[in-house]
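Thanks for coming. I will go through one model, first a few residues and then the chain as a whole. Please look at the screen.

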Amino acid sequence: MSGGTKQKLFEATLRLSKSRGLVGLTVDDIAAEAGVAKGTVYYNFGSKDGLVDGLLRYGVDTLALRLRSAVSDADPLEVIEAQIDVTLEFIAQYPGFSQILVSELWRTPGQWHGTLSLLREEIISIVKGQLSRLEEAGRLPDGVQIPTAAAGLFGTMLVVALDWQVFGPERTRAEVREAVMVLIRGLGRR
């Protein structure tokens, strides 16, 4: 399947899911929105579930690539700020993605929970790296558990991005990033 077709299906699914959710979507709807034949979806993914699974992986891979691109040797708080910024940029580009992640990650049991659990771990491992750097520098308060803090930061990024898109779209990305950084700076002593 070409990257262009995958991108079209990804964007079509996100556009449609934003207003209707994943459960209410049909392959017909997604194919029509993407401008491809229904058979293209089945040929490449086998089913709607296969399509959604593939697109969740594609979306998280895209986000993970952006998070990794923000990693540098700079101060860990600066790297975390850059990671928050690229996450907000990604969510602004794909606003339906945070809705899918938030709704599907915490649905019990969710249809795509297994896939999302693996993908969540990938994202959290990237965030853990910078929190570990803060810990190694003695800049985290005693008792902070890196896995819990990384999950909390990931959840904060998702929920704040969703809140921004739904309830505060007039705010700039810089304003939203700074609001999150006020919380993060409370974790990392200088």
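In which helix is Gly4 found? Gly4 sits in helix α1, residues 3–20. Helices here are DSSP runs of H or I with at least four residues, strands are runs of E with at least two, and both are numbered from the N terminus.

Before going on, the ground rules. This is a predicted model, in which local features need pLDDT of at least 70 and side-chain atom pairs count only at pLDDT 80 or more, while totals for chains, interfaces and linings use all residues. Residues are numbered from 1 along each chain as its sequence is written, and side-chain values use heavy atoms, with hydrogens and water left out.

Gly4 counts as partly exposed because its relative accessibility is 41%. The scale is this: buried is under 20% relative accessible area, exposed is over 50%, and partly exposed is in between, with a 1.4 Å probe and protein chains only. The C-alpha atoms of Lys8 and Gln93 are 14 Å apart, at a sequence separation of 85 residues.

Next, the loop between α1 and α2, where α2 covers 27–34. Val23 is in that loop, and Val23 is exposed because its relative accessible area is 57%. Val23 and Val36 are 13 residues apart in sequence and 20 Å apart from C-alpha to C-alpha.

An unreviewed UniProt entry annotates residues 26–45 as "DNA-binding region"; UniProt positions are given in the numbering used here, feature names are shortened, and annotations may be inferred rather than shown by experiment. In the model, residues 26–45 are 80% helix and 0% strand, and 14 Å separates the end C-alpha atoms.

Is Gln83 buried or exposed? Gln83 is buried, since its relative accessible area is 2%. Gln83 belongs to helix α5, residues 76–93. Setting aside residues up to four places away in sequence, Gln83 touches Leu67, Ala70, Val71, Ile126, Gln130 and Met157; contact means heavy atoms within 4.5 Å.

Ile124 is in helix α7, residues 113–136. Ile124 counts as buried because its relative accessibility is 2%. Beyond its neighbours within four places in sequence, Ile124 contacts Ala150, Ala151 and Phe154. Between Ile124 and Val36 the C-alpha separation is 34 Å, for 88 residues along the chain.

Finally, the whole chain. The C-alpha trace spans about 55 × 35 × 30 Å along its principal axes.

Of the 190 residues, 45% are buried. Among contacts with a separation of 6 or more, 68% join residues 24 or more positions apart. The accessible surface of the protein chain is about 9,100 Å², with 54% of it on carbon and sulfur atoms; areas come from the Shrake-Rupley method with a 1.4 Å probe, and for residues only the protein chains shown count as cover.

That is the end of the tour.
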